[in-house]
Amino acid sequence: MAIQSTLEMCHLAESGVYLILVTFGVGLLFGLIVLTSDYLDGWLRRRALGDIPFVDEGSNMSACLRWWSRKFDCDKEYAEAYKQYSKTGKPYATRLKNNDHGIVLPLNSTKEWRTLPHDQLSFLHALSEFADLYMHTNITDRTPLHAVHYCNNTKTLSRFNRLMVDATDRALPLIVGKDTESEWKRANAFHTILSLCSTVAMSVLLGPEFSMDTSLIQTIMMYNTAIMPSCAKRTSYPRILRPFVWRLSPLCRAVKSDLLKTKIKLIPEIKHRIDIARSKKWWLEEGPMSLLDGLIETAFEKGCLSRSSDRGDDDQQVALLAEEIIFYHFELSMPVVFFIIFAVYVIMNNKEYLTPLREEISEALKLSGGSFTLDTLNHAPKLASFVKETCRLYDISCLTSFRRVMKPIHLESINLSLKPGTIIMAPGRDVHLDPDYYDNPTTFNGYRFYDASRGTCTPHISTTSPTFLTFSHGISACPARVLATQITRTIFIMFLLKFDVELAHEEMPAYGFANGPAYLPNPSVMIRVRPCQKDVLGV
């Protein structure tokens, strides 16, 4: 019996060793397959771009496997590439946030491709890939762009301005503090401005009653702020593993969950607005009351929705409209947040601009009858110049003009053929920092664009050019740039009119940092705020 028991134990031990060896072998084989496929994927993708020089960390591997890659200093390397390639008429390739590569085209080729229509070069398809948005939402439908153009008129923008002002008035005491509080309050600049901008954006998107819907705002903020981290998380893994990361990663699961929660909150209101539109023939006789109204009217005009009744596809179209509203919120709040944060950092570090800006807007308020209207901003060219200079010096894109090639294109100026699926870009911040285009380009000059003789901001704050690329340039320049600059100026100056602000640190930290092709504000900066004294405003 003892001998049999010993034999059984030996057999079990051998089986255990065999199982361990098999498991180890399978794991090793799987690891080799992952490593080999990842290397080949990176090598093939780099090879597909031909003999174009690469400006990256020099690896074919995904981010999580670049164990021995050299450190990539975005600011320094993009600046050197701008001098070496962009200014000498040569393209170069660099890595995007989604771990793929795009081609940065030189300055001398811009006239040739920036006027090409969207069926040849598409910004929406590029953004969908760049931010991994195609994994959870559809942003390639052009209805939102048509809706923005539909709303880009003085009457509608004036109505939207009223929504912004009212929402800012209501939100500031809740986020920053009440006017009756006289003590300094410590706050995080990034989170304070993010909450404020999200509230104002929701008012413009859906109407004033939604600017206080904290549950909806918080849910959509959670989704928006997780978009790029989830993209970085999923695409940092080898392509063969990405489907599993998308399904199992807590960050990616949270993105999908927050998107679903937001859509559940939005869909009933969208259906209600559609019913109103169908029951009232002249429902927009006075113009859209919100961007959602503009979206619905554009969907009617394009035939996506029937004006008379449900054709059986309303649920699908409503879901798409919900995704477009969410995309609008991302586009109107996140870039605007960055612009305003940088403007706040600048004003804390350059106090000499504070009084002139306050005095100018106080006079502008008098000229516009005491109310903060769209016309008030037209009487504030110093403010426009200050914000435009902030956008120039602290542009949120190291690279700009993202486009996806939809049809084969040949650029004669640089003898380069582009295949469908290729992502192209142009230099952004380095153009703004080029002394050939701007005097003392690294020094902030809040009146750089202020024409004192004519009392204007020249060029206009939302005007793009080959040397001012914050909103890109050409036929696909950001259609929401007028609204974005309007929101930026309104929130920023109302914040300065109502509150004193100062740095909570002994020294000003770095304003921001480059993260791949994006330039982001420093989220750790703390500020102190308190209500202004009444005599400071002069109104």
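The side chains of E363 and K366 meet in a salt bridge at 3.4 Å, N to O, a term for a side-chain nitrogen of Lys or Arg within 4 Å of a carboxyl oxygen of Asp or Glu. E363 counts as partly exposed because its relative accessible area is 44%, given that buried means under 20%, exposed over 50%, and partly exposed in between (1.4 Å probe, protein chains only).

## The model and its confidence

This is a predicted model, in which local features need pLDDT of at least 70 and side-chain atom pairs count only at pLDDT 80 or more, while totals for chains, interfaces and linings use all residues. Residues are numbered from 1 along each chain as its sequence is written, and side-chain values use heavy atoms, with hydrogens and water left out.

The mean pLDDT of the chain is 87, and 93% of its residues reach 70 or more, where pLDDT is the predictor's confidence in each residue, from 0 to 100. Over residues 535-539, however, the pLDDT is below 50, and beyond near neighbours in sequence this stretch has seven contacts in the model, a contact being heavy atoms within 4.5 Å.

By the salt-bridge rule, the count comes to 31. One of them joins the side chains of D100 and R239 at 2.9 Å, N to O, and this pair links distant parts of the chain, 139 residues apart, with D100 in the loop between β2 (92-95) and β3 (101-104) and R239 in the loop between α8 (214-235) and α9 (242-248). D100 counts as buried at 16% relative accessibility, whereas R239 is partly exposed at 28%.

Another salt bridge joins R234 and D132 at 2.7 Å, N to O. Because R234 lies in helix α8 and D132 in the loop between α4 and α5, the pair ties together parts that are 102 residues apart in sequence. R234 is buried, with a relative accessible area of 7%, and D132 counts as buried at 3%.

N161 has its place in helix α6 and counts as buried because its relative accessibility is 1%. Leaving aside its neighbours within four places in sequence, N161 is in contact with F372, T373, L374, L377, Q486 and T490.

Note on methods: Helix = DSSP H or I, 4+ residues; strand = E, 2+ residues; numbered from the N terminus.
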